[in-house]
Amino acid sequence: MPIRNNLLGLVVGASALAGHSPAAMAGEFDGVTVNILTRPGYVIAGRLAERGVEFEAATGGKIVVTEVPFAEIFPKIQQDWSTGTNSIDVGVFAAGWGVELDASGLLEDLDPYVAADDKIDLDDIAPYFREFGQKVGGKTKLLMVDGDFQMVYYRKDVLENAGLEPPKTWEDYLDVASQIHGQDMNGDGEADFGSCIFKKRNAQSYFAVQTFAAPIVQTQGTGQGFHFDSATMKPIVNNDGWKKAFELYKETGKYGPPEELNMDIGDTRAIFKAGRCGLLVEWGDPGPLQLDDDATAVKGLIYAVAAVGSREVLDRETGKLVPVTSENAPHAVDGINYAPFAAFGGWAGAINKKADQKKKDAAYAFLSYMNQAEQSSVDVTIGATGYNPYRLSQLASPDLFVEAGMPQELAENYIGAINAALNSLNMASDMKIPGAANYTGVVLDTELARYLAGEVTVEEALENIEAGWEEITEDFGRDEQIEAQGLALGTGN
Amino acid sequence: MAGSPLRESWGEWIDRHSGTFFIAPAVTLILIFAIFPTFYSLVFAMSRVRFTGDGLKFRFVGFRNFAKQFFGNDQVHFLGRTEPVSILGMLVFAVIVVSVLVWLYRSRKITTWVGMLGRTVSAAMAIFLAWVLGASLLSGNSIGTIYTTLFYVIVGCGIQFVIGTGLAFLCSQPISGKNFFRVIFFIPLMVTPLGVGYAMKMVADVTKGPFEPLLSVIGLENWVWSVDPWSARFVMMVGDSWQWIPFIFICMLAALENVPRDHVEAAQVDGASSIQIFREITWPQIVPVAVTVLLIRAVEAFKIVDLPNIMTGGGPGSSTESMTLHSLYVWRANDIGTSAAIAYLLLILTVILCASFFNYVVIGQLRRAKE
């Protein structure tokens, strides 16, 4: 844990609250307690609690952060708000999940609050996170605390010593992983791993397989999507494109830790910080995480590539793979189709519409405080927070990360990778339709886990996913889902 | 004694119904907190349920939530893979079917029509389970949550019973320090299942756990129990046994200590060996307790959920997922209808198997003990 960054954050945050924030009037929220529900551990939750202490000191509003296992976040919030229990005032979850809650009328409209807030500076938030992450149906319903893309990281020293280039395609990824697998990468005399991906069920494994699938399935730009045929909401998952993604994903296990199937994100982060991973599929966190005191083995050595692509893409008419051409993949570069995946869409806070007005005011003031550049520009430089850059000012230059201790070259690489992903015309968007948590977090996750464990074949897994997704679509109503998908991908009315 | 007729009749009425009054609060509580939710959950099991801004929204779907466990996209998850069927699987299935039908045919002479009905239900369940067994496990296919649950129940209870009874037998002998061991053996039962799960997870860690040096010595340093279905189930059973052996132990110890000493001493005077004494005197007297304890333990074992949830999250794949954990995961995804359907299937399985065990094993042993 980089203590200096935390202290810096506390000092900057306290002064910001005391001096400038519109919600910072001393005692304004005396006696008000805001209950926040989010994921367990220091990641995401820890910084909310720390900032909550600052917030309470400045405004009197008490912030209570409750942590539940990742798979329980969404259902707990949905049950609490739907059934009128209302023990939770703020949920901090995947930006894409908000649409289902909003469809049930459970989210507070934040536009009036934003209009009266002269500190939040929405124009500084990258358009994708501002329009996709924070808005539902054109209205601001969430405030980001994090911006997310999944990228591929590599050990620069290990690849250079092996005379290898960073991977451009998933086949390259496997090739590089196979060549460096078994090398001692941290000098402890033990063989280390070519690839590290968290693959535990009921965690976040299902995001990485989508990172594999996106460049194979999506070719025509962000509006095309890679989960459904937007016109019919028929899943486009039972085809050779997703089959290849599943097979490639499973293949990485040959070069991973033996217990990879039971590893959660915290487990892979621990071993990559110990210098045991040559390649890594992850969100933006490893960039600043390598600056932590317990990551001396990899400090300054973990570089990122925005996206790994594919030389073959899905022909949606036939369900078969075809070589990339300028016609079937107009955004391809040098015969490789890239589709950086905005996995999860970033962590965002939403306010319970049925909460008391005083609580809603305090909740908004706190989320705004977290979101404001003064705080978030500190938080995103601390790997352990789990917060990644989402403001233009954080991505404009590497200075922020250089000041946090990153070597100039690494900071340029890190910011460059995120910017490349964010600016890609073929960026793959995560699901943002009702049922998103079920489509991927339950159906895709379960079948993927069973395929990885050898319980079902890839064909069976994809058939089951197709059937499961159809069932969810029918539950929510096909027409409603078609409309929601159009709005999510920016192609509808 | 003089008194008004009204008062006498009131007092008599109270006396006559006192039993009802005493039992009414308990019955009311059971109706409210057990019976009513059980029937209400049937509504959930036959619906697709959505959480909306106005509360829960039900859509009646009949038995679709049940059917998909047997014929739909959850079939492999619930039953396991049932194709292709091997010759061994078919043979075992055929042998079991013939045996069950012969047993049922013979039963018609020794039981009433109610008993016959019960035996028919038991026979149908046995044939169904035999088909799943033959088509999945015995055909080399993966098993589903139904047989993972039965594995925990049958193999787990068996191991726990043998070890628990053995420890009880040792502690019933006149050895020094036996009171100390009684307390030690009993402690795991008092630990919360969550605590057992996390403790076992640490103990079973092959890279940093206490057995890591031992695994290295025997050449298993690269063995990872959590990625192989059967080793993961085995480790799960070790954890479950660690917690539940004390239950068997304490019950069987009580039974052993109630065996009259004069019977044992008479046998010793007659020159009987220890094995003969246990087989001919001790075992017949403790068997009613033994089968009852097994029944209670089996009912509890059907509900195993904490250990696989904590240690593997049901993985690898769904190989350590019990039916209860399956129901929990589906419920956690807010698919309340399917979750309730799985819970009902577990209830049906538990009731039929435990009632069969009670009728055909426990009652028989109790009758024999009385004779």
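Predicted model: local features only at pLDDT ≥ 70, side-chain atom pairs only at ≥ 80, totals over all residues.

Colleague: Thanks! How many helices and strands are there in chain B?

Modeller: Chain B has 16 helices and two strands. Along the principal axes, its C-alpha atoms fill a box of roughly 90 × 75 × 50 Å. Of its 371 residues, 42% count as buried.

Colleague: And which domains does the assignment give for chain B?

Modeller: The domain assignment lists domain 1 (4-45), domain 2 (81-141) and domain 3 (143-370). The C-alpha centres of domain 1 of chain B and domain 2 of chain B are 42 Å apart.

Colleague: How should I read the contacts in chain B by distance along the sequence?

Modeller: Take the contacts between residues at least 6 apart in sequence: in chain B, 66% of these join residues at least 24 apart.

Colleague: Now the inside. What is the general idea behind a nonpolar core?

Modeller: In soluble globular proteins, nonpolar side chains tend to be buried together. Here, the largest nonpolar core has 154 residues, and those touching the most other members are Trp97(A), Phe129(A), Trp242(A), Phe246(A) and Trp469(A). Helix H9 (residues 205-217) of chain A gives the most to this core, with nine residues. Apart from that core lies another, of 32 residues, among them Val132(B), Val153(B), Ile352(B) and Cys354(B).

Colleague: Which residues does Phe129(A) touch?

Modeller: Leaving out residues up to four places away in sequence, Phe129(A) touches Gln134(A), Met144(A), Gly147(A), Asp148(A), Phe149(A), Gly345(A), Pro389(A), Tyr390(A) and Leu422(A).

Colleague: Why is helix H15 of chain B described as largely enclosed by the rest of the structure?

Modeller: Eight of the ten residues of this helix (residues 323-332) are buried, so the rest of the structure largely encloses it. The buried residues are Met323(B), Thr324(B), Leu325(B), His326(B), Ser327(B), Tyr329(B), Val330(B) and Arg332(B). Just after H15(B), Asn334(B) takes a positive phi of about 65°.

Colleague: Where is Val305(B) placed?

Modeller: Val305(B) sits in the loop between helix H13 (274-301) and helix H14 (306-311) of chain B. With a relative accessibility of 19%, Val305(B) counts as buried, because the limit is under 20%. Val305(B) and Thr324(B) are 19 residues apart in sequence, and their C-alpha atoms are 5.9 Å apart in space. Besides residues up to four places away in sequence, Val305(B) touches Ser322(B), Thr324(B), Leu325(B) and Leu328(B).

Colleague: Finally, how do I read a salt bridge?

Modeller: Side chains of opposite charge can pair when their charged atoms come close. Over all chains, the structure holds 44 salt bridges. In one of them, the side chains of Arg47(A) and Asp379(A) meet at 2.7 Å, N to O. Arg47(A) lies in helix H2 (residues 45-59) of chain A and Asp379(A) in helix H14 (residues 373-379) of chain A, so the pair ties together parts that are 332 residues apart in sequence. Both Arg47(A) and Asp379(A) are buried.

Colleague: Which salt bridge crosses between chains?

Modeller: One such pair is Lys68(B) and Glu471(A), with the closest N and O atoms 3.0 Å apart. The pair runs from helix H3 (residues 64-70) of chain B to helix H19 (residues 458-476) of chain A. Lys68(B) counts as buried at 7% relative accessibility, while Glu471(A) is partly exposed at 24%. Salt bridges with shared partners join Glu471(A), Asp475(A), Arg48(B), Arg59(B), Lys68(B) and Asp335(B) into one network.

Key: Residues numbered from 1 in each chain as written. Chains lettered and ligands numbered in written order. Heavy atoms only, no water. Domains from an automatic or database assignment. Core = buried A, V, L, I, M, F, W, Y, C linked by side-chain atoms within 4.5 Å. Buried < 20%, exposed > 50% of the residue type's maximum accessible area, 1.4 Å probe, protein only. Helix = DSSP H or I, 4+ residues; strand = E, 2+ residues; numbered from the N terminus. Contact = heavy atoms within 4.5 Å. Salt bridge = Lys/Arg side-chain N within 4 Å of Asp/Glu carboxyl O.
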